[in-house]
Structure formats: C-alpha cells, structure tokens
Amino acid sequence: MKIYLKIWRQKDASSKGKIVDYTMNGVEGDMSFLEMLDILNEDLISKGEVPIEFDHDCREGICGTCSLQINGRPHGPDRLITVCQLHMRSFKDGDTIVIEPFRAKAFPVIKDLIVDRNAFERIQQAGGFISVNTSGRTVDANSIPIRKENADKAFNAAACIGCGACVAACKNASAMLFTSAKVSQFALLPQGRIEASERVQNMVRQMDLEGFGNCTNTGACEIECPKGISLENIARMNREYLGASIKG
Amino acid sequence: MGILDSKIPSGPLAEKWTKYKNEIDLVNPANKRNIDIIVVGTGLAGGSAAASFAELGYNVKTFCYQDSPRRAHSIAAQGGINASKNYQGDGDSDYRLFYDTVKGGDYRSREANVYRLAEVSGNIIDQCVSQGVPFARDYGGLLDNRSFGGVLVSRTFYAKGQTGQQLLLGAYAAMNRQIHRGKIKSHTRHEMLDLVIVDGKARGIITRNLITGEIDRHSAHAVVIATGGYGNLFFLSTYAMGANVMAAWRTHRRGAFMSNPCFTQIHPTCIPVSGEHQSKLTLMSESLRNDGRIWVPKRLEDAQAIREGKLKPTQLKEEDRDYYLERRYPAFGNLVPRDVASRAAKERCDAGYGVNKTGEAVYLDFDAAIMRYGSEKALTSGLKNADDAHIRKLGEEVVEAKYGNLFQMYEKIVDENPYKTPMMIYPAVHYTMGGLWVDYNLQTTIPGCYAAGEANFSDHGANRLGASALMQGLADGYFVLPYTIGDFLADDIRTGPIPTDSEEFDKTEKDVLDKINKLMSAKGTHSVDYYHKKLGKIMWNKCGMSRNAKGLKEAIEEIAALRKDFWENVKVPGAADDKNQELEKAGRVADFLELGELFAMDALERNESCGGHFREEYQTPEGEALRDDKNFKFVSAWEYKGKPKDAKLHKENLIYENIELKTRSYK
C-alpha cells in the first residue's frame with residue numbers, strides 16, 4: 001500500500017508546530033500503525049533528519065502511553081483499541097492519514113506528537129486512593145464479601161488506562177469520564193465508601209483546577225474510550241458529588 | 001562465606017522470617033524523617049516499596065522513564081497472582097507454594113527467600129483487597145481462583161486478564177496517597193544513568209530528564225533498583241518497548257554482582273511473529289491453558305497442507321491431532337510449567353509440524369472448553385434440549401466472560417476469530433529470572449543498594465511459575481524491603497542529608513556526560529534499531545530456547561564485534577539537550593550489548609540443563625532437561641571487571657535442608 005501521511009511536527013513546548021507531509025510505500029496490512037511510524041523514522045534517520053517523537057510503550061493496549069489523534073479521532077478509526085493495537089489493514093492503498101497529538105488545554109504538547117498528561121496525575125493524587133496502610137495488617141480478604149455485580153462494575157470502571165482519549169474526544173476537553181471511573185470504582189466497593197464524600201469532592205476540585213472543560217453529555221468520550229468505560233460512571237460521580245455537597 | 005554472604009537467618013525454615021524481623025535494627029519514627037530513599041522504577045516492586053517507605057516516614061524520591069508510575073510494565077501482566085490462602089480447600093499451604101516454586105525453578109533458588117515469599121503471599125491479597133483492587137468474585141461475593149502451570153491446586157487470584165493492571169493501580173494509588181502528603185517526590189520521564197557511591201555506600205544517582213535532556217544529581221541514604229528485567233535484549237519480546245537494563249547494568253558496573261543472567265523465561269503462549277516489520281510480541285495469558293488444548297497435526301502432510309492454506313484446522317478430525325503436551329505429560333497436561341511447554345512447542349515445530357506460514361506456530365484450541373461450558377450453562381439454565389449451535393453460543397459467552405479481552409487482542413493482531421478457529425501461538429521471551437545478586441535483605445553487593453522484583457535474581461531459580469512475578473514484586477515492596485532496609489538505615493540516623501556537590505558526584509556525572517557525548521559524536525551510518533535487531537537475532541538463535549557450546553562461543557565473539565561496530569558506526573540524530581528518543585534507545589542498547597556477552601558466558605559456563613536454560617549436550621534420551629546438582633547447584637554471581645569477557649565468576653552454593661532434590665517430573 002501507498003499511504004500519504006500528514007504529521008504534526010513541533011520542536012518543543014514553546015515553538016509553533018505545523019503539519020508536514022510524508023509518503024510511505026510498501027505498507028503491509030499486518031503492520032501495526034506504530035510499526036509503520038517506526039519504518040518512517042528509520043527512513044528519516046537514514047536521510048539525516050530528526051525522527052518523529054511519539055509516546056508508546058507496552059504496544060499491547062494496556063499501559064495507556066500511546067496517544068495519537070488519527071484523522072481527528074483519538075486512537076484512530078477502530079473502536080475499543082489503542083493506537084498501538086491499530087493495524088494498517090484498517091486503511092487502504094492511497095489513503096491520506098492525518099496524525100496529531102491529543103488536543104486539550106490541560107495537555108500541552110511537549111514535542112511533535114507527545115503531550116504532557118500530568119494533570120491526570122494530580123487528579124489521582126487528590127483522592128484516587130483508599131487511605132489504608134500497606135502493612136498487610138488488615139482483615140482477611142474474604143471477610144469483605146462483595147456482590148459479584150458490584151465487583152464486576154468496579155472492575156469495569158477500574159479498567160481505565162488513563163490515556164486521555166476521553167479528553168481528546170470531547171469538544172469541551174472534559175475529564176469527567178477519567179475522573180468518574182476512579183470515583184466509581186471506589187464508590188462501588190465497601191472499602192471505598194468510608195471516604196467517598198471527601199474523595200469525590202477533592203478529585204472534582206482538582207479536575208476543575210487543571211482547566212478541563214465541563215461535561216455536556218455528548219457521549220463522545222465513551223465512544224472513543226479504548227476500554228469502553230461507560231457514561232454511567234459520570235452519572236454515578238454526579239450523584240456522589242451532589243450527595244457529598246448536600247452533606248457538606 | 002567470603003564476599004557472597006546470603007545472610008540467611010538461622011533456625012527452622014518456617015520461623016526464619018519472624019525471628020529475623022524480631023532481631024533487626026529499627027529506626028525510630030522521628031529519625032525516619034531525616035532519612036532519604038531513592039526508588040528507581042515504579043512497577044509493582046518499586047511502587048509498593050516507595051509507598052511503604054513513605055508511610056513509615058522516610059522521604060522518598062521515585063524515578064521512572066514513563067510519563068506516569070501507572071504505566072510501568074507490571075501493568076501488562078495478565079493472568080493472576082498466587083497466594084497460599086487455600087480458599088478452595090484443595091490442600092494448599094505455605095509449604096506447598098514454597099515447594100512448587102522451588103521445584104518449578106528446577107532447584108536453583110534459595111529456600112529461605114522462597115519460603116518467606118510463600119509466607120507473605122496471603123497478606124498481599126488482604127492488602128490489595130483493602131486497597132480496593134477489584135479481584136474476580138463468585139456469586140457468593142467471595143474471591144475466585146484459577147489454576148496456573150506447574151501446580152495441582154487453584155491458588156491464583158485474578159482480575160479478568162488484567163490482574164497486573166489492577167495490582168499496579170493499587171500500588172500507584174498507595175503512592176498517590178503519599179505524593180499527596182508530600183512524602184514521595186515522583187520524577188516521571190527521568191532515566192537513571194548511573195549510581196553514585198560515597199565511602200563504599202550507594203548514596204545517589206545521576207539522571208537524565210527525558211524532556212529537557214538535563215543531567216541531574218539526586219542523593220539519598222539508600223537506593224532501591226526496581227527496574228524490571230532485561231528481556232528486551234532479544235529485541236522481540238513481550239516487554240514494553242522502553243523496558244531496559246540500564247539502571248541494573250550501571251549498578252553492576254559500579255560493583256553489584258549480576259546473577260544467573262542466562263536464566264530467561266520463554267513463554268509458550270505468545271502470538272507468533274508475522275514479519276520483518278515486527279516491533280514486539282504479545283502474550284496470550286497462561287490462564288488460557290486452563291481451558292485451551294495445545295495441538296499440532298499428527299501427520300506431516302496435514303501440517304504442510306495447513307501451512308499452504310489448503311486445509312483448515314477445524315477440518316482435522318480429533319484422531320488426526322497430536323495433543324502433544326497431554327501425550328507427553330499426562331499428569332499436568334496442558335498445565336506443565338512454561339519452560340517445558342515452550343521446548344515441547346519448539347520440538348514439534350523443528351520436526352516440521354508447525355502450522356503457520358513460517359512453520360513456527362502451534363494451535364491453542366478452545367473448542368472443547370466452549371462445548372463443555374456451554375453444556376454446563378444449558379443445564380444450569382434449565383435448557384434440556386439445546387442443540388449444538390445453542391450450546392456453542394452459551395459456551396462462547398462463558399469463555400468471553402473469562403478471557404474476553406485476550407480474545408479481542410488476538411483478533412486485532414491476527415485478524416482471525418479465536419472463538420471459531422484455534423489460536424496460533426509460539427514461545428517468546430517474557431521474563432528474566434536472572435538479575436542483580438541480593439542477600440536475604442534484598443541488598444546487592446553494594447551496601448545501601450537494594451534490588452527488588454524482576455530486577456533481582458532471588459526467588460524463581462531457573463524457571464518462574466505463572467502468577468508468581470506479581471507475588472514476588474509486591475512481597476518485596478510491601479512486606480520485605482520496609483523491614484530489611486531499616487536494618488541498614490539504622491546506622492544513618494545521624495548522617496544528615498547527603499551533599500551532591502562532592503567529588504564522587506562530580507566524577508560520576510562526568511562519566512555519564514562522556515558516554516552521552518561519545519554516542520552523539522559517533523555520527524555513523526546505522527540507526528540504534530539496526531544494532532538492536534542484530535543483537536536480538538544472535539540472542540534468539542544462539543542463546544534462546546536451546547543452547548550449545550559451539551553456538552554460545554560464536555555468540556560471544558559476534559556480540560563483542562557488534563558492540564565495537566556500534567560504538568564506531570551508530571548514528572544518533574538530534575541533540576543531547578533536547579527530547580531525544582533515539583539517544584534514550586542508544587544508551588539502552590549500549591548496555592544490552594555488554595549484558596548479551598555476559599549472558600552467553602553464563603550459559604556457556606553452566607554445563608547442565610535446568611529450567612529455562614536448556615543445553616543440548618545435557619538431556620535425557622526423551623529430550624528432558626538433565627540437571628547436574630553435583631557441579632552446578634549454585635547461583636552464579638558475576639563481578640564487573642572492565643570488559644564483559646573479563647567478568648569474574650563467584651558462586652553461591654545453594655543449600656537444601658527442607659526439600660529433597662529430585663528430577664523434575666510433570667509426567
């Protein structure tokens with residue numbers, strides 16, 4: 001396949017970026033999207049040019065590092081996968097592909113396709129935990145029975161990989177899906193109920209401080225989420241937040 | 001005992017750890033505030049250690065190359081975590097977990113360390129549940145278990161196929177709580193480039209800020225290396241792309257001994273290589289072997305027809321299939337340990353029975369499991385007259401609930417539906433049992449420098465059992481280091497902050513800068529990946545699933561030549577004082593090019609077959625590994641002496657007082 005690429009290049013956080021055109025020949029369907037970029041970079045290096053920087057690590061869809069906006073969609077055209085799981089068989093000969101970094105005020109560009117997602121870190125640090133010591137001197141694991149339904153729902157929320165696709169997909173660059181996934185996981189478990197009010201208030205406050213937008217229920221985040229995190233989590237967080245605010 | 005003093009406490013096996021904890025020095029809470037600890041790597045071992053140190057009151061600085069501690073490669077562990085809870089009442093105990101681990105490791109691990117691991121394993125589950133880790137549960141609300149290779153009980157706790165993710169997020173949450181309190185300073189996108197030693201003790205590290213390229217000095221009273229394994233030496237592996245040996249290797253260069261580098265785990269169930277463009281391999285969890293049956297065609301002509309696309313696996317009748325693991329190992333069947341399963345797959349493929357285009361793949365078939373689960377489901381749903389199609393549908397739903405994410409991952413990569421046609425799998429590099437030598441305290445041969453998790457060599461001998469890596473990482477971090485590091489730090493309560501303007505820091509930083517300058521100024525013709533791929537090919541072909549003296553000798557020569565070529569002809573574009581992924585890779589590959597040679601030397605030295613180390617010269621007539629306990633019942637510990645070929649071998653003799661050494665049999 002012959003593929004035409006339009007890729008965002010930006011030297012560093014303070015420089016202005018622009019789209020640069022590249023043409024790739026001999027692309028095979030079995031190649032992953034990132035392997036195609038590897039080959040392009042090898043080519044650039046051999047020509048003495050500076051290769052394109054992009055974030056990636058596990059290349060099996062679980063670490064949440066890769067973060068490309070492909071033809072306007074976070075993680076590209078396929079659903080329920082990250083960029084690293086996208087294969088070139090999803091494209092056809094002669095296609096033009098536009099590759100940009102995730103765009104959001106709270107995710108400044110570091111270089112080329114790499115963005116700074118530390119805002120997510122600070123939201124988690126504000127309350128994304130259960131305040132239990134790590135001494136191991138807790139109760140026996142089976143002394144806390146949990147309804148399978150709730151355990152499964154908590155797991156589904158906890159499956160978030162923190163990639164930021166929800167923010168990149170949202171026209172308001174809202175981080176509600178990300179934040180609500182953590183709030184939900186703990187709110188659904190008896191261990192997490194104890195600090196549920198403080199948690200939701202602290203995490204939401206930090207989320208707002210970071211400059212993420214508000215949620216207007218368009219649902220784009222759920223559609224683009226590689227792990228299928230449900231909008232129900234946002235509803236649950238809103239309930240938790242309201243409840244916590246009334247209690248004061 | 002000489003320089004290799006394992007410091008194993010005296011007394012009966014089951015009492016060693018308790019007795020030891022009662023006797024070690026403690027640091028009082030007020031003094032802990034004056035003591036700093038550096039933790040490099042934030043996976044299960046590093047993350048759990050950092051959180052626990054901070055909670056005890058120490059000042060902790062963490063470092064990881066990823067943009068968040070949550071992205072460490074522990075996150076990719078799929079299947080589960082072992083613990084001797086005996087919730088299933090199937091006869092499990094600390095002793096049995098200990099025994100299985102030592103036997104699974106082919107009698108090349110330390111009894112006392114492994115027993116301690118088994119002893120704290122139950123606590124890990126308690127701890128994680130209180131942190132809100134959503135383990136799988138049954139309908140009664142209690143925790144569910146499954147089985148893994150090499151054992152006859154069900155002791156593996158899991159969270160679908162994402163157990164590593166959930167456990168890591170638990171440790172990450174514990175870290176976040178301490179970051180929030182200001183007790184941990186987390187440095188992300190930072191890479192450790194060297195260890196600083198002051199008066200014989202590890203007192204700091206030199207790092208590179210991967211965004212700005214700045215070289216920084218960080219001091220502490222102790223340094224913990226928890227940076228994982230070195231399987232990326234093989235280029236193609238199930239490791240994350242950035243996983244590397246830099247922190248461990250540079251610690252080795254500063255005096256920490258490297259143990260058993262040739263003990264590598266080649267995991268039997270990975271998605272086969274598809275072409276030259278391939279950058280990494282993907283694991284299909286061992287938990288699939290609970291339900292999947294592994295087979296190749298019985299007849300060579302059928303295998304050939306399948307390879308040529310003329311025959312489909314589903315067309316092959318039951319009696320024309322060779323379920324070779326069930327045939328060779330009736331007691332354990334498809335759940336033999338990983339080393340045994342991998343070699344058996346290689347044996348069939350080498351004999352011409354491989355089933356994909358390259359001839360390097362076998363089938364993992366869920367058909368029987370789908371029908372079995374389907375019938376069960378039909379029965380419990382009161383469907384008496386369900387036809388096969390209906391039963392199949394019900395069965396597929398059960399399998400999806402158990403392994404859905406794995407099946408989806410497979411389909412995305414291979415473009416085939418594994419519910420309808422058997423998966424194709426082949427072994428791939430997955431884990432390294434070798435690593436920095438540590439004593440019972442997890443301290444390396446450098447005082448004040450500790451190694452935890454996959455970065456150390458300690459618990460898995462020559463082969464790790466499934467679901468034991470997560471157990472070891474968390475045991476080291478949550479329950480071992482927080483005690484043992486205090487014993488060392490008790491001497492440091494009056495030391496005060498370690499200055500970074502000393503001669504030792506100056507000199508180490510200069511070494512680091514010289515190395516970077518050398519890489520940037522080579523201005524050669526080949527990219528870093530060119531060398532990495534070449535190294536990987538040498539390793540896979542000559543130091544992989546089976547090894548022989550001739551190949552290993554060739555590998556030693558070839559790697560040394562490749563390393564020379566690398567330093568003269570590598571091409572690193574861009575600048576050193578900038579974000580530069582090629583420079584990051586270059587530093588990592590430079591270290592792999594040294595480790596690779598030591599790896600081959602270690603494999604050549606060990607004239608026996610044990611666990612993942614299979615020397616063709618040492619096998620039984622049936623092709624099983626032939627151990628030599630008389631001459632090789634030791635841990636190799638290599639001392640750095642300038643060039644890899646000058647490394648000096650030390651041996652720690654392994655003493656078995658509680659387990660009788662036997663030929664490992666899974667028949």
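User: Is the crossing in which α3(B) passes α6(B) left-handed or right-handed?

Analyst: Heads-up, this is a predicted model: local features need pLDDT of at least 70, side-chain atom pairs count only at pLDDT 80 or more, and totals for chains, interfaces and linings use all residues. Residues are numbered from 1 along each chain as its sequence is written, while chains are lettered from A and ligands numbered from 1 in the order in which they are written. A crossing is left-handed if the near helix is turned anticlockwise from the far one by less than a right angle, and right-handed if clockwise. For α3(B) passing α6(B), the crossing is left-handed.

User: How are α3(B) and α6(B) oriented relative to each other?

Analyst: Helices here are DSSP runs of H or I with at least four residues, strands are E runs of at least two, and both are numbered from the N terminus. The axes (lines fitted to C-alpha atoms over the stretch in contact, with angles from 0 to 180 degrees between N-to-C directions) of α3(B), residues 44–56, and α6(B), residues 163–180, come within 8 Å and cross at roughly 30°. Angles under 35 degrees count as roughly parallel, over 145 as roughly antiparallel, 65 to 115 as roughly perpendicular and the rest as oblique. So α3(B) and α6(B) are roughly parallel.

User: How many nonpolar residues are there in the contact of α3(B) with α6(B)?

Analyst: Two residues are in contact if their C-beta atoms, placed from the backbone, lie within 7 Å. From α3(B), residues including Leu44(B) and Ala51(B) meet a set in α6(B) that includes Leu168(B) and Met175(B). Ala, Val, Leu, Ile, Met, Phe, Trp, Tyr, Cys and Pro count as nonpolar, Asp, Glu, Lys and Arg as charged, and the others, Gly among them, as polar. The contact has 3 polar residues, 1 charged, and a nonpolar count of 10.

User: Which strands stand at the edges of the sheet?

Analyst: In chain B, 5 strands form an open antiparallel sheet, in the order β11-β15-β14-β12-β13. An edge strand has a single partner, so one side of it lacks a neighbour in the sheet; here, those strands are β11 and β13 of chain B.

User: Which residue of β15(B) is the bridge partner of Gln265(B)?

Analyst: Strands pair if DSSP finds at least two bridges between them. In β15(B), Gln265(B) finds its partner in Tyr431(B).

User: Is Asn607(B) buried, exposed or partly exposed?

Analyst: Asn607(B) lies in the loop between α17 and α18 of chain B. Its contacts beyond four places in sequence are Arg615(B), Tyr618(B), Asp628(B) and Phe632(B). With 13 other C-beta atoms within 10 Å, Asn607(B) is partly exposed.

User: Which element gives the most to the side of chain A that touches chain B?

Analyst: Here, 63 residues of chain A are in contact with 64 residues of chain B. The elements of chain A giving two or more residues include α2, α3 and α5. With 6 residues, the top contributor is α1(A).

Conventions:
Buried ≥ 20, exposed ≤ 12 C-beta atoms within 10 Å, placed from the backbone.
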